[in-house]
Amino acid sequence: MRIARFSHDGDVSFGVVEGDTVAQISAHPFGPIEFTGGRVPLASVKPLAPVLPSKVVAIGKNYRDHAAEMGGDVPDRPLIFLKPSTAVIASGDEIAAPASSERVDYEGELAVVISRLCRDVPEERAMDAVLGYTCANDVTARDQQKADGQWSRAKGYDTFCPLGPWIETDLDPSDLAITTTLNGEVKQDSRTSMIVHKIPSLIAYITSCMTLLPGDVILTGTPEGVGPMNFGDRVEVTIEGIGTLSNPVGAR
Ligand code: MG
């Protein structure tokens, strides 16, 4: 099932994408899904970020080749950091690069959407807390990441967390093709099988620290090939079985 969030005629709702239409659902997709009976053409809706998370928990250096290009190894324990909810934008929305940064990078990532309130989740039951998967771009002001010594500013600007286009619920995330293109040129080309700390262990580790709420998002890390984006570029993250997250780059 593909769960989207969208606006249509001024109304915001969740829906299930079926071919070229969207079947509206009442309330939200966390729990049993009830259809309203409303159905609109997919082409007539404005896509919104598929969830409004209370927090985005991201994992640093979780692919060996990316850790190497950053000059290190994958840490023994997952390296977690937070991106603010206010960084989230939808597919199609503009990434606003701040003038204070000389280098704003793309990082294509598989995003996990959490379905229920959970804490201290054992690894064996972690996948029960997953609603589905979407594409993410962990946009990073690389120069500020290096200068600050921690990452809140570099990864926390408004618009620095594109998510979408929708949540795919029926998907085995263990070995999916993931690519990032810049103006159509392939920059990152990997598979999610290269993720070192796997999704169940990430959920167990994160919830041993903080409660996750329905709609919270985990970014699972980026593969090798990160690089800068400039004004006027278009960046696209495509994950097999999900779709393509596409964003133009503008200026703040
Ligand atoms: Mg990242």
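This is a predicted model: local features need pLDDT of at least 70, side-chain atom pairs count only at pLDDT 80 or more; totals for chains, interfaces and linings use all residues.

User: Which residues coordinate the magnesium ion, and at what distances?

Analyst: Donors are N, O and S atoms within 2.8 Å of the metal (3.2 Å for Na, K and Ca); water is not among the atoms, so sites may look incomplete. Here E107 (OE), E109 (OE) and D138 (OD) coordinate the magnesium ion at 2.0 to 2.1 Å. Along the chain, these donors follow the spacing E-x1-E-x28-D. E109 belongs to strand β11 (residues 108-114), whereas D138 sits in the loop between β12 (130-137) and β13 (140-141), 29 residues apart. Helices (H or I, at least four residues) and strands (E, at least two) are DSSP runs, numbered from the N terminus.

User: Are E109 and D138 buried or exposed?

Analyst: Buried means under 20% relative accessible area, exposed over 50%, and partly exposed in between (1.4 Å probe, protein chains only). E109 is buried, at 0%, and D138 is buried, at 1%.

User: How many aromatic pairs are there?

Analyst: Rings of Phe, Tyr and Trp (its six-membered ring) pair if their centres lie within 6.5 Å; planes under 30 degrees apart count as stacked, over 60 as edge-to-face and the rest as tilted. The count by this rule is three. One of them joins F14 and F30, which are edge-to-face because their planes stand at 80°, with ring centres 6.5 Å apart. F14 lies in strand β2 (residues 11-18) and F30 in the loop between β3 (21-25) and β4 (35-41). F14 is buried at 12% relative accessibility, and F30 is buried at 18%. F81 and W151 also form an edge-to-face pair, with 5.1 Å between centres and 70° between planes. F81 is in strand β7 (residues 79-83) and W151 in the loop between α2 (142-148) and α3 (152-156), so this pair ties together parts 70 residues apart in sequence.

User: What does the side chain of T159 reach?

Analyst: A polar contact is a pair of N or O atoms within 3.5 Å; within protein, one must be able to donate a hydrogen and the other to accept it, and residues adjacent in sequence count only if both atoms are side-chain atoms. The side chain of T159 reaches the backbone nitrogen of A96 at 2.9 Å. T159 lies in the loop between α3 and β14 (161-168) and is buried, at 13% relative accessibility.

User: In what order do the three strands of the open sheet lie?

Analyst: Strands of a sheet pair through backbone hydrogen bonds, either parallel or antiparallel. Two strands pair if DSSP finds at least two bridges between them. In this open sheet the order is β13-β10-β18, with antiparallel pairing. Strand β10 (residues 104-106) pairs with β18 over three bridges, and Y106 has G227 in β18 as its bridge partner.

Key
Residues are numbered from 1 along each chain as its sequence is written. Side-chain values use heavy atoms; hydrogens and water are left out.
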